[in-house]
Amino acid sequence: PQAAAQRATPDVGIQLFQLPWSSIADECEATLGPSGFSWVQTSPPNESIARDEWWASYQPVGYDLDSRLGTRDDFADMVMRCDAAGVDVIADAVINHMTGQDAAGTGFAGTPYAHYEYPGLYGADDFHHCGLAQGDDIVDYTSREQVQTCELVNLADLDTSSPHVRETIVTYLDDLLSLGVAGFRIDAAKHMAADDVQAIVGELPEGTRIVSEVIRGGAREPVQPEEYTGFGEVFEFSYPRDLGPQVQSAAFADPVLEGDRPLLVPADKAVVFVDNHDTERGEAAVTYKDGPLYVIANALMLADDYGTPVVFSGYAFTDRDAGAPADAEGAVLPASCEGATGPADSYLDGERTCVQSWTAIAGMLEFRAVASDAARLRGVEAGSAYGFEREGRGVVAVNAGDDDIAIEIPTSMPAGDYCDAITGGRDAVIDSGCRGTTYTVADGVARFSLAPLTAAAIHLGSQR
Ligand code: LM2
Ligand code: CA
């Protein structure tokens, strides 16, 4: 009989990159809510330059909610529908800078602008001009001043110490909050003094969720993520930099399990990820392109005990600049993930990866709901295989190598047959047995025979 498994509502996010608001609303109802994602991170919702590349979203022209991803009404409707489905919306807030194009132009919604001139919002005095010999761009990341008051790739750098700039940004963020968003990803937070970010978010209502993007540089870099933990969470880039290469090389090493992990921000301040829209085009060791290895990396992250995980879901690309498929006006096309159950062997450019719909991801969210309150115990290695127990409540195991491997993981889970959450998903147990693979716990050991590039996960709620 199935153990009466206590469930919690774990904090798990999903980044739906460059997905229109109407499609995110559909996803909230069809998949995100039912699977137990607690929040969705959107792409920036404000007006930006009119270009087809995805990164047009990171060049704001103004703060009207009118973008390639939908209108203000679309955005408001999405927030309501997601909220009704139990999913918070975290909006990507691009507040360090405005556009980077040298030529004047017209934004996606028709607003005219020039570099350093945004009618009704900002004029020349509202920007930093650091005036290096080479120009206004950051050249030296070991200089705090350059990182925070010079320009990131020519993007007009807002003087976030100025009262007018701060008020203008707060008005924008308050507007999004009035539509019901739960909080913000603070884009390029590293490029704003922590005091500036704190002053801005300090004006927002209590309880507003703030997740700062502060890409951890080397020890030589003066600006560190720890400076931004006093007023919210931060994305911890050390996590994917540790996990990704382990999965890629099929050589696993336990993290230090006691307390907060060294060199990382405290667990309650950390948002962790396998990849995001920048790293999948850059440093990430494992992305959707790695199919089964990507499932393995996500499974290990979702089984782990450090930080709040955010799963990434975007679209296939060969050209790093290519935007999501759009209509003739540049509006990104709605996309559905119906029928997506796992990574495809190959993708056409622009095809959505639909990671939120994968059976394994849904299964791991259920694993986390059942097991995340339990201690994460020391891992077991068997060649290219690795696994660990969440004490008494769940066991995960992966094989990132090219050979079949049998791995045995000691566990205090009750003896019996368990249905695999990776192949069986959220409702892994069915009347006739298991939707996916069956594994057995006996004599205090969970045994898994794993084919190359596969994962397995059992938990108290998946006992047959
Ligand atoms: C971020 N976080 O700190 C975003 O996550 C990242 O995606 C953004 O870069 C960046 N910071 C600025 O918000 C992207 C993209 C860049 C792109 C910028 C601005 O990775 O390639 O830069 O957005 O759209 C592009 C061109 C670049 C050009 C710049 C300004 O690639 O060559 O610089 O526009 O015109 C002259
Ligand atoms: Ca700045």
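Analyst: Start with a rule for helix pairs. Angles under 35 degrees count as roughly parallel, over 145 as roughly antiparallel, 65 to 115 as roughly perpendicular and the rest as oblique. Keep in mind that this is a predicted model.

User: At roughly what angle do the axes of α6 and α7 cross?
Analyst: Helix α6 covers residues 238-249 and helix α7 covers residues 292-303. Their axes cross at roughly 135 degrees and come within 10 Å. The two helices are therefore oblique to each other. The crossing of α6 past α7 is right-handed.

User: Which residues make the contact of α6 and α7?
Analyst: From α6 come L243, G244, V247 and Q248. From α7 come L293, I296, A297, L300 and M301. Seven are nonpolar, two are polar and none is charged.

User: How do α7 and α8 lie to each other?
Analyst: Apply the angle rule again. Helix α8 spans residues 359-371, and its axis comes within 9 Å of that of α7. The crossing angle is roughly 15 degrees. Angles under 35 degrees count as roughly parallel, and α7 and α8 are therefore roughly parallel to each other. Here too the handedness can be read: α7 passes α8 in a right-handed crossing.

User: Which residues of α7 and α8 make that contact?
Analyst: On the α7 side they are V295, N298, A299, L302 and A303. On the α8 side they are A360, I361, M364, L365, F367 and R368. This contact has nine nonpolar residues, one polar and one charged.

User: Where do α1 and α2 lie in the chain, and at roughly what angle do they cross?
Analyst: Helix α1 takes residues 21-35, and helix α2 takes residues 72-84. Their axes come within 8 Å and cross at roughly 5 degrees. That makes α1 and α2 roughly parallel to each other. W21, S22, I24, A25, C28 and E29 of α1 meet D74, F75, D77, M78, R81 and C82 of α2. The contact of α1 with α2 counts seven nonpolar residues, one polar and four charged.

User: Now the strands. What order do the strands of the closed barrel follow?
Analyst: For a sheet, read the strand order, then the pairing sense. The barrel has eight strands in the order β1-β2-β3-β6-β7-β8-β9-β10, and the pairing is parallel. Neighbouring strands are turned by 25 degrees against each other on average, direction ignored.

User: How many bridges pair β8 with β9?
Analyst: Two bridges, in the parallel sense. Strand β8 is residues 233-235, and strand β9 is residues 270-272. As one residue pair to find, F235 has V271 of β9 as its bridge partner.

User: Which strands stand at the edges of the open sheet?
Analyst: First the order. The four strands run β14-β19-β18-β15, with antiparallel pairing. β14 (405-410) and β15 (416-419) are at the edges. Each has a single partner strand, so one side of each is left without a neighbour in the sheet. From one strand to the next, the twist averages 25 degrees.

User: How many bridges join β14 to β19?
Analyst: Six bridges join them, and the two strands run antiparallel. β19 is residues 445-450. Within this pair, P410 has V445 of β19 as its bridge partner.

User: Last, the ligand. How many residues surround ligand 1?
Analyst: For a ligand, list the shell, then sort it. Ligand 1 is surrounded by 14 residues, and the closest are W55, Y58, G100, V153 and A188. The shell divides into seven nonpolar residues, four polar and three charged.

Methods: Residues are numbered from 1 along each chain as its sequence is written. Chains are lettered from A and ligands numbered from 1 in the order in which they are written. This is a predicted model: local features need pLDDT of at least 70, side-chain atom pairs count only at pLDDT 80 or more; totals for chains, interfaces and linings use all residues. Axes are lines fitted to C-alpha atoms, for helices over the stretch in contact, and angles run from 0 to 180 degrees between N-to-C directions. A crossing is left-handed if the near helix is turned anticlockwise from the far one by less than a right angle, and right-handed if clockwise. Two residues are in contact if their C-beta atoms, placed from the backbone, lie within 7 Å. Ala, Val, Leu, Ile, Met, Phe, Trp, Tyr, Cys and Pro count as nonpolar, Asp, Glu, Lys and Arg as charged, and the others, Gly among them, as polar. A residue is near a molecule or strand if its C-beta atom, placed from the backbone, lies within 6 Å of it. Two strands pair if DSSP finds at least two bridges between them.
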